[in-house]
Amino acid sequence: MVDWAGKTILITGASDGIGRGLVEQFDSRGARQLILIGRDRTRLDQVAAACQTETRIEEVDLADSDQLAHLMQRLAVVEIDVLINNAGVGLGGAFASHEQDDRLQSMIKLNCDAVILLTRAVLPGMLERRRGSLLFVGSLAGWAGGPGLCAYSATKGFVNRFAEGLRWELHGTGVAVSLLAPGATRTSFFETAGIDATDIRGGSMSSSEVARLAILGLQKNRAIIVPGFQNRILWMMQNLLPRSWVGWVSRKIGQPILDRESA
Ligand SMILES: NC(=O)c1ccc[n+]([C@@H]2O[C@H](COP(=O)([O-])OP(=O)(O)OC[C@H]3O[C@@H](n4cnc5c(N)ncnc54)[C@H](OP(=O)(O)O)[C@@H]3O)[C@@H](O)[C@H]2O)c1
């Protein structure tokens with residue numbers, strides 16, 4: 001079991017949703033410092049104010065290459081024990097209707113580039129110390145294709161695969177890698193992605209429950225953490241069923257998003 005006492009923990013997307021839930025979880029576990037990253041200073045201040053643990057706020061747009069580079073310069077002198085790559089956004093609707101290339105590119109920069117670059121920045125220190133934990137927040141959608149959310153699902157497929165590969169690459173180094181792959185979770189995610197949350201069929205979980213199960217899985221050094229019974233069934237089905245069946249079910253799930261857009 002990992003002991004969080006005295007650790008410096010960096011959490012991206014700490015101002016809201018699952019990231020905020022993770023901050024609350026770590027706050028009661030004796031960490032030395034929580035580094036909170038997001039763009040919304042007011043919400044970051046509120047999250048920090050509710051913490052018992054010492055916090056450091058980094059107000060950064062991770063989709064902005066210059067801001068990310070400056071952040072990495074500032075972090076170069078900090079010993080980070082745990083990196084939580086959580087910040088991410090979605091983009092709903094038919095792929096052909098995404099006329100705004102800037103939103104697509106910004107999503108890819110945040111969901112993929114920032115994850116790679118931050119990980120690369122903190123990993124050498126972890127390897128030198130022969131200890132550290134990396135948690136990647138991918139998604140169940142990263143394995144399913146996700147009609148109505150194709151490009152987003154692809155970014156999460158990238159995260160899922162990167163985390164899986166890195167875990168085995170780092171095997172025996174003292175650096176642990178876990179992937180959190182949530183299903184639908186009640187956060188601002190859908191609104192930001194331009195999706196009506198009522199179009200998402202099936203159940204959803206609260207962000208605090210997802211965060212609680214994520215920390216439990218991280219403590220046990222689980223390779224893949226799929227929170228919730230229903231999500232684990234879906235995950236198992238994805239692994240067992242022929243891909244054409246997975247595609248058919250995904251299309252059924254994504255249909256309301258596509259229908260609403262074309263209405
Ligand atoms: N909700 C779901 O159903 C679901 C399911 C599977 C996976 N996920 C994944 O879970 C992660 C967290 O999402 P969430 O559901 O908690 O959504 P959320 O409530 O919208 O939170 C997103 C977080 O990311 C931060 N963020 C967004 N753009 C950013 C940027 N350019 N630079 C820095 N920070 C940025 C936001 O902070 P600021 O606004 O302050 O920048 C916020 O703290 C994402 O990676 C998402 O893909 C979510």
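Reply: Helices (H or I, at least four residues) and strands (E, at least two) are DSSP runs, numbered from the N terminus. Residues are numbered from 1 along each chain as its sequence is written. It's a predicted model: local features need pLDDT of at least 70, side-chain atom pairs count only at pLDDT 80 or more, and totals for chains, interfaces and linings use all residues.

Me: OK, where does Arg-130 lie?
Reply: In the loop between helix 4 (101-129) and strand 5 (132-137). Arg-130 isn't a glycine, yet has a positive phi of about 60 degrees.

Me: And what do residues other than glycine mostly have for phi?
Reply: Most of them have a negative phi.

Me: Is Arg-130 buried or exposed?
Reply: Exposed, because 10 other C-beta atoms lie within 10 Å. The cut-offs, with C-beta atoms placed from the backbone, are 20 or more others within 10 Å for buried, 12 or fewer for exposed, and partly exposed in between.

Me: What about Asn-221, which loop is that in?
Reply: The one between helix 7 (207-219) and strand 9 (224-225). Asn-221 has a positive phi of about 55 degrees, and counts as partly exposed because it has 13 C-beta neighbours inside 10 Å.

Me: Switching topic: at what angle do helix 4 and helix 5 pack?
Reply: About 10 degrees, with the axes of helix 4 and helix 5 (residues 150-169) 9 Å apart. Axes are lines fitted to C-alpha atoms, for helices over the stretch in contact, and angles run from 0 to 180 degrees between N-to-C directions. So helix 4 is roughly parallel to helix 5 (angles under 35 degrees count as that).

Notes: Angles under 35 degrees count as roughly parallel, over 145 as roughly antiparallel, 65 to 115 as roughly perpendicular and the rest as oblique.
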